[in-house]
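Here's a friendly walk through one protein model. Have a look at it first, and then we'll go through it piece by piece.

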Amino acid sequence: MPSKRTVLITGCSQGSLGEALALGFHSRGLRFIATARSVSRLKTLEIKGIDILPLDVTDPFSITSCISSVSKITNGHLDILLNNSGGGYSMPLVDASLGKAREVFELNVFSIIAMTQAFMPLLLKSEHGAMIVNNTSISLVATVPMTGVYNASKAAAAMLTDNLRLELAHFKIRVVDLKTGAVRSGFYDNMNSGTKPGLPDDSIYGVARAEVERSMLTGCVSEKNMVAADVWAGHVVEGLLVKEPELRIWKGGNSWLTWVAKRFMPFTFLDGEMVKMGSLDVVKKNVGGGKRKSVAS
């Protein structure tokens, strides 16, 4: 008789989307393993009886240690690997730190390759048919200003997911692209590390500093468009646990609109709205009005 399905998810710190997913899977009776860089941020899940493990998806030694622990917990197999860990970065591309950009790609892109390679032996031993789920973003479709590094990393993650889908199909491993929209979580607080993101003193966007920095603070996402994390997670878990999950699952605020725009509209369809969200309309007005000098706040 097959054992209970096992799930490993990365990035489950308190207040995160990973935590919401963990609670969603746990409520459905699956054997769930929650991970984060610091287990101190997993206490809420531990109290509920969920297995917790430390895992830094950018550290090969941490990954190796995690594999050993997971193998003991699951008797050497894994059914679902959900690559949820990720980080953001709000900054105009002309002002972006290349070091920070590389860190974002390391976390959002290369960790997917590292985790997939590392856990492949356990996935191949799945008794239920294995699945890899990569949490990307609708931002890879909509050109959201001031988050170009993040958007590009998620676009890369989506392409990796599509490649894995083809490359692993004959090994009975289903690969799903979870395109997440606007969800209330601690993502932006973690991204900003408790500090307000600011433009460099000499930024060309200093002509609209206050407005642009306000857009950077929340990645141009309006609170009214966000859905609750538990609601989002419930829909995601429901979609993943059907017999044959969709290969691309669109969930979260603005996801439906983005899907429609991508499928049926010109790629510039959302540009007007994106310009306003990123306060580029104010930049245009001020540049056109001769306010070219950047003034530090």
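Is Asn-134 buried or exposed? This is a predicted model, so everything here is read from a prediction. In it, Asn-134 has a relative accessible area of 0%. Buried means under 20%, so Asn-134 counts as buried.

Where does that residue sit? You'll find Asn-134 in strand β5, which covers residues 130-135. Leaving out residues up to four places away in sequence, Asn-134 touches Asn-83, Ile-112, Thr-161, Leu-164, Val-176, Asp-177 and Leu-178.

The rest of β5 is tucked away too: six of its six residues are buried. Ala-130, Ile-132 and Asn-134 point one way from the strand, while Met-131, Val-133 and Asn-135 point the other way.

**The sheet around it**

β5 belongs to an open sheet of seven strands, ordered β3-β2-β1-β4-β5-β6-β7, with parallel pairing. At the edges are β3 (51-54) and β7 (248-251), each of which pairs on one side only. On average, neighbouring strands in this sheet are turned by 20° against each other, ignoring direction.

Some of the pairings can be followed up close. β4 and β5 run parallel and are joined by four bridges, and Leu-82 stands opposite Val-133 in β5. Further along, strand β6 (residues 173-180) pairs with β7 in the parallel sense, over four bridges. There, Asp-177 has Arg-248 in β7 as its bridge partner. Asp-177 is also one of the residues that Asn-134 touches.

Helix α3 (residues 60-74) touches β1 (6-9), β2 (31-36) and β3, and its direction makes about 160° with that of β3. Helix α4 touches β1, β4 (80-83), β5 and β6, and the direction of α4 makes about 170° with that of β4.

What about the gaps inside? The structure holds two cavities of 30 Å³ or more.

| Space | Volume | Lining residues by class |
|---|---|---|
| Largest cavity | about 40 Å³ | three nonpolar, five polar, one charged |
| Second largest cavity | about 30 Å³ | three nonpolar, five polar, no charged |
| Second largest pocket | about 200 Å³ | five nonpolar, two polar, five charged |

Which residues line the largest cavity? They are Asn-83, Ser-85, Leu-107, Asn-108, Ser-111, Ile-112, Asn-135, Lys-154 and Ala-157. Helices α4 (98-123) and α5 (148-168) each supply at least two residues of that lining, and the largest share, four residues, comes from α4.

The second largest cavity is lined by Thr-10, Val-57, Asn-83, Asn-84, Ser-85, Ser-111, Ile-112 and Met-115. Here again α4 gives the most, with three residues.

How values were computed. Residues numbered from 1 in each chain as written. Predicted model: local features only at pLDDT ≥ 70, side-chain atom pairs only at ≥ 80, totals over all residues. Heavy atoms only, no water. 1 Å grid on protein atoms, 1.4 Å probe; cavity = no way out; pocket = protein on both sides within 12 Å on 5 of 7 lines; lining within 4 Å. Points joined across faces, edges and corners; volume = space filled by probe spheres on them. Nonpolar A, V, L, I, M, F, W, Y, C, P; charged D, E, K, R; others polar. Buried < 20%, exposed > 50% of the residue type's maximum accessible area, 1.4 Å probe, protein only. Contact = heavy atoms within 4.5 Å. Pairing = 2+ DSSP bridges. Axes fitted to C-alpha atoms, helices over the stretch in contact; angles between N-to-C directions.
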